[in-house]
Amino acid sequence: MLKRRSAELMLLTTIVLWALNFTVTKYALEHGFKPLAYVTVRYGVAVAIFASFTYRTERSLAVRRRDVGLIVAAAAVGIWLNQISYVYALTYTNASTVALILGATPIFTALIAFAYGLERLHGRFWIAAAVSFAGVALIALGKSGGVSGSLKGDGLGVAAAATWAAYTVAIAPLMQRYSPWRISAVVLAIGWTGVAITGASQTLSQPLDLGALVWICLLYAILGPLVLTNILWFKAVDSVGPSRATLVANLQPFIAAIFALVLLSETITPLQVVGGVLIGGGIVLARRRWRPAAVT
């Protein structure tokens, strides 16, 4: 019970930090940061932090040869594709819309985890996922003026949700053999290499006179939603399984809407409040009769 409570606290902390990051990243992009330059700098600093800390504590960044393929695939999908999709989704549409779309992540995760035999999902889980997704839909429909933004941004938001789900499932077996720090250091380094190559032109031409608040936003985006949550999230996934963990992530759109209300002067409609209640109800329902498959 104590282990489960600890995992749930880690999940909640992660979701709050992620929710604020939508607003923070959108602000940085709207005030001078080029999308790929932003990702390159953000992940470059994170790689240095994870690699230096891991090497000091574990004296090695080595991984088994049999795991190299999975690690490279996880980095390509979960870092390179995910971050390009995410940052351009925020470029083409508003932050609240991207946050709402990412509420579909548990659906993708459940399908991927079930297909690979990593989890056994009972009927109650699927009902819970449907209830939570209905809550996300109500939040989207309840937005003042409706959910707006380009179809390109919406499609990239879906891609961000799907790639994060695949990353979460792929990384779970590796967490049985390596510490979160080592996995993060290696996966981030590989994924960042792809991002840096893809975004080299934008990075080299990126102006630096962006203002203090933009740089503060970048610092937060590195230390909070990237460094800290990278550890908290996968420790929690190791305890409760990827589908249940990402179901909790359905709280993120509602929390992101609250941040938008406070920081961006957006509004929350009654329908969005109902959606938040449904999301919470789905999470409570999912806590029953859930059982992970053995990870080999």
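Helix H3 (residues 68–92) packs against helix H8 (residues 180–198) at an angle of about 50 degrees. Their axes lie 8 Å apart. The model is predicted. Helix H2 (35–58) also takes part: the H2 and H3 axes come within 9 Å, and the H2 and H8 axes are 8 Å apart. The model also holds two cavities of 30 Å³ or more.

**H3 with H8**
- At about 50 degrees, H3 and H8 are oblique to each other.
- H3 passes H8 in a right-handed crossing.
- On the H3 side, the contact uses Ile 71, Val 72, Ala 75, Ile 79, Trp 80 and Ile 84.
- H8 answers with Val 186, Val 187, Leu 188, Ile 190, Gly 191, Trp 192, Gly 194, Val 195 and Thr 198.
- The residues of this H3 and H8 contact comprise twelve nonpolar, three polar and no charged.

**H2 with H3**
- The axes of H2 and H3 cross at roughly 135 degrees.
- The H2 and H3 crossing is right-handed.
- H2 contributes Pro 35, Leu 36, Tyr 38, Val 39, Arg 42 and Tyr 43 to the contact.
- H3 contributes Ile 79, Gln 83, Ile 84, Val 87, Tyr 88 and Thr 91.
- By class, the contact of H2 with H3 has nine nonpolar residues, two polar and one charged.
- Ile 79 and Ile 84 of H3 touch H2, and Ile 79 and Ile 84 also meet H8.

**H2 with H8**
- H2 and H8 pack at an angle of about 150 degrees.
- That makes H2 roughly antiparallel to H8.
- The crossing of H2 and H8 is left-handed.
- From H2 come Leu 36, Val 39, Thr 40, Tyr 43, Gly 44, Ala 46, Val 47, Phe 50, Ala 51, Phe 53, Thr 54 and Glu 58.
- From H8 come Trp 181, Arg 182, Ser 184, Ala 185, Leu 188, Ala 189, Trp 192, Val 195, Ala 196 and Thr 198.
- The contact of H2 with H8 divides into 15 nonpolar, five polar and two charged residues.
- Leu 36, Val 39 and Tyr 43 of H2 meet H8, and Leu 36, Val 39 and Tyr 43 also touch H3.
- Leu 188, Trp 192, Val 195 and Thr 198 of H8 meet H2, and these H8 residues also meet H3.

**The largest cavity**
- The largest cavity has a volume of about 410 Å³.
- It is lined by 25 residues.
- Closest to its centre are Trp 18, Asn 82, Gln 83, Leu 102 and Trp 164.
- The lining of the largest cavity has 15 nonpolar, nine polar and one charged residues.
- Helix H1 (2–30), H2, H3, helix H7 (151–171) and helix H10 (212–240) each supply at least two lining residues.
- H10 gives the most, with six residues.
- Gln 83 links two topics: Gln 83 is among the residues closest to the cavity centre, and Gln 83 of H3 is in the contact with H2.

Conventions: Residues numbered from 1 in each chain as written. Predicted model: local features only at pLDDT ≥ 70, side-chain atom pairs only at ≥ 80, totals over all residues. Heavy atoms only, no water. Axes fitted to C-alpha atoms, helices over the stretch in contact; angles between N-to-C directions. Helix = DSSP H or I, 4+ residues; strand = E, 2+ residues; numbered from the N terminus. Parallel < 35°, antiparallel > 145°, perpendicular 65-115°, else oblique. Left-handed = near helix turned anticlockwise from the far one by under 90°. Contact = heavy atoms within 4.5 Å. Nonpolar A, V, L, I, M, F, W, Y, C, P; charged D, E, K, R; others polar. 1 Å grid on protein atoms, 1.4 Å probe; cavity = no way out; pocket = protein on both sides within 12 Å on 5 of 7 lines; lining within 4 Å. Points joined across faces, edges and corners; volume = space filled by probe spheres on them.
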